[in-house]
Amino acid sequence: MRIVLASGSPRRKELLEMLGLEFEICPARGEESVQEGLSPEETVISLASEKAREVSARFPGDTVVIAADTVVCAEGELLGKPRDRADAVRMLKLLSGRSHYVYTGVCVMYGGVSLAEAEATEVRFRAVSDEEINAYADTGEPMDKAGAYGIQGKASVLIEGINGDYYNVMGLPLCRLGGILKTIGVHLL
């Protein structure tokens, strides 16, 4: 069975490789458009579904297309990838000393069927000084990550704990994905 990851994310690639899946990478090229008035769960499902539809149109119907989208929700604000260093610093200050939620929508398309679900994980940041925030921003690591941090990288020293799926915070909730794939006959174990 041919499997395509509709993402250029190195973290999502690494996670699928960890599972031993053989897959191709074909990132979606379309511009993401967030609809007003949607909940965080609806937002990530909508964005992941857009990516899956776009990429699945390039492949035969028997190809499994996996797409995902992640946002961070803090103090009622949806945080995607920062626009620049100043935006990353702003986001990190917002997260400092607070809990927030990471939402990832996963969409699997196969044979004309679309299966999409969302996962939410609570993440608690310790109080982070301006000096630490600036030092982290200077690493460049925040720039391609929702919420301006990567739990698996240097930001790990800023995180007191999580409640939920660790891999969801990395951008691909593996337990949820495994359940979706199982329904279409792709067994990871």
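Is Glu-75 buried or exposed? I looked up its accessibility and found Glu-75 exposed, with a relative accessible area of 56%. The cut-offs I use: buried is under 20% relative accessible area, exposed is over 50%, and partly exposed lies in between, with a 1.4 Å probe and protein chains only.

**Ground rules.** I am working on a predicted model, where local features need pLDDT of at least 70, side-chain atom pairs count only at pLDDT 80 or more, and totals for chains, interfaces and linings use all residues. I number residues from 1 along each chain as its sequence is written, and side-chain values use heavy atoms, with hydrogens and water left out.

**Positive phi.** I stayed with Glu-75 and read its backbone. Its phi is near 50°, a positive value in a residue other than glycine. Most residues other than glycine have a negative phi. I placed Glu-75 in the loop between β3 (64–74) and β4 (77–79). Helices (H or I, at least four residues) and strands (E, at least two) are DSSP runs, numbered from the N terminus.

I then turned to Ala-148. Its phi is near 70°, again positive in a residue other than glycine. Ala-148 sits in the loop between α4 and β7. Ala-148 is buried, with a relative accessible area of 0%.

**Aromatic pairs.** How many aromatic pairs does the structure hold? I noted three. Tyr-101 and Tyr-103 form a tilted one, with 6.2 Å centre to centre and 35° between the planes. The rule: rings of Phe, Tyr and Trp (its six-membered ring) pair if their centres lie within 6.5 Å; planes under 30 degrees apart are stacked, over 60 edge-to-face, and the rest tilted. Tyr-101 is partly exposed at 36% relative accessibility. Tyr-103 is buried at 10%.

Next I checked Phe-125 and Tyr-149. Their ring centres are 4.9 Å apart and their planes stand at 70°, so the pair is edge-to-face. This pair links distant parts of the chain, 24 residues apart: Phe-125 is in strand β6 (residues 113–125), and Tyr-149 is in the loop between α4 (130–138) and β7 (159–163). Both Phe-125 and Tyr-149 are buried.

**Helix α3 against α4.** I looked up the axes of helix α3 (residues 85–95) and α4. They come within 10 Å and cross at roughly 140°. That makes α3 oblique to α4. Axes are lines fitted to C-alpha atoms, for helices over the stretch in contact, and angles run from 0 to 180 degrees between N-to-C directions. Under 35 degrees counts as roughly parallel, over 145 as roughly antiparallel, 65 to 115 as roughly perpendicular, and the rest as oblique.

Which residues of α3 and α4 meet? From α3 I listed Arg-85, Val-89, Leu-92 and Lys-93; from α4, Asp-130, Ile-133, Asn-134, Tyr-136, Ala-137 and Asp-138. Contact means heavy atoms within 4.5 Å.

**Leu-94.** I stayed in helix α3, where Leu-94 is found. Leu-94 counts as buried at 18% relative accessibility. Residues up to four places away in sequence aside, Leu-94 touches Ala-74, Glu-75, Glu-77 and Leu-79. That brought me back to Glu-75, one of its contacts. I also took Leu-94 and Thr-104: they are ten residues apart in sequence and 20 Å apart in space, C-alpha to C-alpha.

**Asn-168.** Where is Asn-168? I found it in helix α5 (residues 166–170). Asn-168 is buried, with a relative accessible area of 0%. Not counting residues up to four places away in sequence, Asn-168 touches Val-102, Tyr-103, Thr-104, Glu-119, Ala-120, Thr-121 and Pro-173.

**Leu-16.** I found Leu-16 in helix α1 (residues 10–18). Leu-16 is buried at 0% relative accessibility. Leu-16 and Leu-172 are 156 residues apart in sequence and 8.9 Å apart in space, C-alpha to C-alpha. Leaving aside neighbours within four places in sequence, the contacts of Leu-16 are Leu-5, Leu-21, Phe-23, Ile-66, Leu-172 and Leu-177.

**Leu-115.** My last stop was strand β6, the place of Leu-115. Leu-115 counts as partly exposed at 27% relative accessibility. Its contacts, neighbours within four places in sequence aside, are Val-106, Cys-107, Val-108, Ile-180, Thr-183 and Ile-184.
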